[in-house]
Structure formats: structure tokens, C-alpha cells
Amino acid sequence: MGPYAKGWKRFRRIEWSLASVFLGLPLLYFVGKIAQMLGVNSEILGAVILSAWFVFFIVSSIRYQLFRCPRCGEWFSGTWWYNLSYFARKCVHCGLPKFSEDGN
Ligand SMILES: [Zn+2]
């Protein structure tokens, strides 16, 4: 384990939380359909659950975009005027490759 392993572990957790929220939407759809079949038919409940999902999605996305590089501490994927997001293969500030534990 290199010096940046802990930072990448944190990044993977953020990445998984974003993926889980994103893939949770179809799951919510099916849960809603099942609830509808069982006789629960509340538009307000559906709106509240969907709004909560949207808030979780926005928060997860922002955490993903603003992840700080384990080496230099700057935003890994962007600066104030651009953000490569998922497509950043290395830190845009210090060049640390994504998931590199020892800096090479
Ligand atoms: Zn960096």
C-alpha cells in the first residue's frame, strides 16, 4: 500500500455512492409499481421519494466532482473554470494518475 491508498479508498466510496444513487432510480420505479399493485397510490409520497432521490443524486455528484487529489489536495478532476469529471485519468494539477497508490 502506497501513501495515497487511503485517498483512493475514499474516492471509491464516493464513486460507489454515486453509482448506487444513480442505479437506485430504476429500483425505486419498480418499488413504486409494486406499491401501486398493492393498492398504495399516493402521488405525494411518490413526489417526496423522487425529490429525495434527486437531492441525493445532486449531493453525490457534487462530492464526486469536488474530490480532492490525495497528493496535492486540489480538486482532482478540475479547476474553477472546467471539470473533466469521470474522464479525468490523472490529477489536472499535479498529474497523479487515477488510482495510483505510489505516484507512478
Ligand atoms: Zn494532484
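Me: How are the donor residues of the zinc ion spaced in sequence?
Reply: The spacing is C-x2-C-x18-C-x2-C. This is a predicted model, where local features need pLDDT of at least 70, side-chain atom pairs count only at pLDDT 80 or more, and totals for chains, interfaces and linings use all residues. Residues are numbered from 1 along each chain as its sequence is written, and side-chain values use heavy atoms, with hydrogens and water left out.

Me: Which residues coordinate the zinc ion?
Reply: Donors are N, O and S atoms within 2.8 Å of the metal (3.2 Å for Na, K and Ca). Here they are the SG atoms of Cys 69, Cys 72, Cys 91 and Cys 94, at 2.2 to 2.3 Å.

Me: Is Cys 91 buried or exposed?
Reply: Buried means under 20% relative accessible area, exposed over 50%, and partly exposed in between (1.4 Å probe, protein chains only). Cys 91 is buried at 3%, while Cys 72, at 31%, is partly exposed.

Me: How many aromatic pairs are there?
Reply: A pair of aromatic rings is described by the distance of the centres and the angle of the planes. Rings of Phe, Tyr and Trp (its six-membered ring) pair if their centres lie within 6.5 Å; planes under 30 degrees apart are stacked, over 60 edge-to-face, and the rest tilted. The count is 13. One of them joins Phe 11 and Phe 99, with centres 5.7 Å apart and planes at 55°, so this pair is tilted.
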